[in-house]
Amino acid sequence: MTANGTLELHITDEMDGTPIIFAEVTIKEKDVRKMTDLEGKLKHNLTPGNYSIVIEFMGYESKTIENIKINSNNVYRIESELSQLQVPYFTTTVIDEIEHK
């Protein structure tokens, strides 16, 4: 029987380094979804193999990390930062004013 390896993640905000809590992490090959904890961390045991993960959180750009090689009895650590989405904004230009009496 082959021993599992461990995937450890720490997800933070790119701008200020704060942990991103409750970010959704999908392990694509296992169709497993997990969430980061109150420190932006996640720990998950996996059978040896190659994996890809997708990290998502509302208001941030999603990130895919590929070619994660999990080996027996080893820990694979990932420190990753997410970038906030750039929200378009609109401006208003006053062309003319009408005086009401």
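Let me begin with a definition: a surface patch is made of residues with over 30% relative accessible area and no salt bridge, where like charges are joined within 9 Å and nonpolar side chains (Val, Leu, Ile, Met, Phe, Trp, Tyr) within 5 Å. Accessible areas come from the Shrake-Rupley method with a 1.4 Å probe, and for residues only the protein chains shown count as cover. A salt bridge, in turn, is a side-chain nitrogen of Lys or Arg within 4 Å of a carboxyl oxygen of Asp or Glu.

The model is predicted, so to speak of local features we need pLDDT of at least 70, while side-chain atom pairs count only at pLDDT 80 or more, and totals for chains, interfaces and linings use all residues. Residues are numbered from 1 along each chain as its sequence is written, and side-chain values use heavy atoms, with hydrogens and water left out.

With that in hand, I21, F22, M35, L38 and F57 form a nonpolar patch on the surface, and together they have about 490 Å² of accessible area. L38 sits in the loop between β3 (32–35) and β4 (41–46), where strands are DSSP runs of E with at least two residues, helices are runs of H or I with at least four, and both are numbered from the N terminus. L38 is exposed at a relative accessible area of 65%, given that exposed means over 50%, buried under 20%, and partly exposed in between (1.4 Å probe, protein chains only).

The chain as a whole has zero helices and seven strands. Its radius of gyration is 21 Å, well over the 13 Å that the globule rule gives for 101 residues, so the chain is more spread out than a compact globule; this radius is taken over C-alpha atoms, and the rule is 2.2 Å times the number of residues to the power 0.38.

Three strands form an open sheet in the order β4-β1-β7, with mixed pairing, where two strands pair if DSSP finds at least two bridges between them. β4 and β7 (75–82) are the edge strands, each pairing on one side only.

Which residues are linked in a network of salt bridges? They are E8, K43 and R77. E8 and K43 have their closest N and O atoms 3.9 Å apart, and because E8 lies in strand β1 and K43 in strand β4, the pair ties together parts that are 35 residues apart in sequence. R77 meets E8 at 3.1 Å, N to O, and E8 also stands opposite R77 in β7.
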